[in-house]
Amino acid sequence: MNPRSLAILVLARVRATDAYLNVVLDTMLSESPPKDPRDAGLATELTYGTTRRQLALDYAISRFADRKLDAMEDRVLAALRIGAYQIFHTRVPARAAVAETVQALKDVGLARAAGFTNAILRKLAELPAPPLPSQTDVAHYLSVRESHPQWLVERWLRQFGRERAEAMLVADNQSPPVVIRANTAKVTRDALLRQLQELGVEAKAATLSPVGIILPPVGRVEDVYGYSEGLWQVQDEAAQLVGVYGAIPESARVLDACAAPGGKSCHLAQEHDVVAVDVHAHKLRKIDAEARRLGLSSRLKAYAHDAAEPFPEAWGEFHAMLVDAPCSGLGTLRRHPELRYRRKEEDIARLATLQRRILENCQESVQPGGLLVYAVCTMDPQEGQDQVEMFLRSHPEWTAEPPVLPGLKLPLTQAYLRTLPGPEGFDGFFAARLRKLY
């Protein structure tokens with residue numbers, strides 16, 4: 001299957017089923033692996049790029065379509081978006097972008113829509129630049145230009161101001177780097193970095209994480225040195241910083257209360273005995289598999305459990321707990337671009353209520369003197385700082401206690417870890433390190 005046909009089918013399935021883009025793409029690439037790795041790269045670029053720019057592409061397509069986009073067949077709309085993305089955002093010559101996309105639509109069985117699709121794409125190809133609304137309404141203009149829902153743009157403008165909000169919107173439309181975390185149970189970060197560089201991999205140390213390495217575009221990460229040997233795990237630098245910021249003592253017994261997909265659990269298990277729990281039992285298989293690959297199975301045990309409900313008495317109390325709570329995920333939109341179109345503003349309040357329930361339950365199982373690290377992959381104060389400060393006001397036995405990490409400069413706001421999408425290259429995360437006084 002050619003990459004444009006594959007991209008059409010991927011985006012059509014994502015639209016029809018609300019599945020995650022990365023899951024659908026990986027599945028279809030596995031089912032129909034391209035002979036040329038460059039075709040897999042093109043299919044990835046077309047699916048992710050088109051999804052990131054979807055609102056702007058739809059704004060352009062709507063100028064020439066004689067029917068509402070919501071009423072279009074999934075594969076036809078996917079083809080229009082993919083064609084428009086190539087015209088406006090790639091170096092593919094416009095004529096080739098139109099012809100190849102129309103042929104791809106025919107290849108997936110929709111020759112009857114080829115004329116309609118061809119006509120719209122040819123009109124788009126005549127434009128000198130993608131059309132945009134007036135800048136008079138700043139939120140609407142940025143919403144279309146950077147393809148984020150208007151409610152989110154308005155929220156970020158209020159919370160962060162125009163300069164930072166615009167930088168966050170722009171960053172969400174960039175391809176993220178591949179970042180790995182050295183498995184320090186087997187190798188130091190610097191030793192692993194040297195090994196990769198000696199093999200010709202243009203790897204470099206992460207900006208802030210002392211265990212992070214940034215890789216160049218590598219295709220399949222499973223083919224990179226050290227994967228099969230369990231020397232590293234893929235994890236964004238901001239997510240790595242949560243584990244570093246926690247600064248949990250080596251002897252501590254740790255509970256990871258919302259463990260899937262397992263990156264932070266495995267990070268903790270490099271130095272601690274970890275009980276990892278998640279409400280979704282099927283996700284535990286991946287955690288177990290990663291622990292085996294990394295050689296951490298003896299330190300990490302995974303169980304199905306809802307962190308909002310009391311833990312089994314047999315588990316006892318823990319020296320430390322990580323609550324990587326379910327959240328809006330608004331800090332990871334460059335990695336999961338489809339999420340921006342699915343989230344609703346009311347989701348934030350709903351998730352904040354769930355986070356409070358989880359916090360209230362989890363704090364009960366931390367022994368006096370112990371630590372609780374609360375983390376979310378979003379920058380929204382309602383899920384982050386406001387959530388924690390509400391908890392502290394109602395629990396005088398707890399206090400915020402930032403770590404003492406000589407030689408490391410973490411992005412702290414007051415006592416809290418906070419990273420924002422932007423030119424710094426991070427996903428958006430918030431974390432609070434809390435100490436139970438009595």
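I began with the largest cavity: five of its lining residues are nonpolar, two are polar and one is charged. My classes were these: Ala, Val, Leu, Ile, Met, Phe, Trp, Tyr, Cys and Pro are nonpolar, Asp, Glu, Lys and Arg are charged, and the others, Gly among them, are polar. I note that this is a predicted model, where local features need pLDDT of at least 70, side-chain atom pairs need pLDDT 80 or more, and totals for chains, interfaces and linings use all residues. Residues are numbered from 1 along each chain as its sequence is written, and side-chain values use heavy atoms, without hydrogens and water.

**Entry 1: the cavity**

I worked on a 1 Å grid over the protein atoms alone; a cavity is a set of points where a 1.4 Å probe fits but cannot get out, and lining residues have an atom within 4 Å of a point. I found one cavity of 30 Å³ or more. The largest cavity holds about 60 Å³. That volume is the space filled by probe spheres set on the points, with grid points joined across faces, edges and corners. Its lining is Val242, Gly243, Gly246, Ile248, Lys264, Leu268, Leu322 and Val373. Helix 11 (237-246) and helix 12 (263-269) each give two or more of these residues. Helix 11 gives the most, three. Helices here are DSSP runs (H or I, at least four residues), strands likewise (E, at least two), numbered from the N terminus.

**Entry 2: the second largest pocket**

A pocket is an open set with protein on both sides within 12 Å along at least five of seven lines. I read about 410 Å³ for the second largest pocket. It has 17 lining residues; Arg15, Gln54, Asp58, Arg81 and Tyr341 are the closest to its centre. Helices 1 (3-17), 3 (37-52), 4 (54-62), 5 (74-89) and 14 (339-342) each supply two or more. Helix 4 supplies the most, with four residues. The lining splits into six nonpolar, four polar and seven charged residues. The pocket lies between domain 1 (3-126) and domain 4 (238-436), because both give residues to the lining. Those bounds come from an automatic or database domain assignment.

**Entry 3: Gln387**

I placed Gln387 in helix 16 (residues 385-394). Its relative accessibility is 1%, so I logged Gln387 as buried (under 20% relative accessible area; exposed is over 50%, partly exposed in between; 1.4 Å probe, protein chains only). Leaving out residues up to four places away in sequence, Gln387 touches Ala352, Gln355, Arg356, Leu359, Tyr374, Pro381 and Gln382. Contact means heavy atoms within 4.5 Å.
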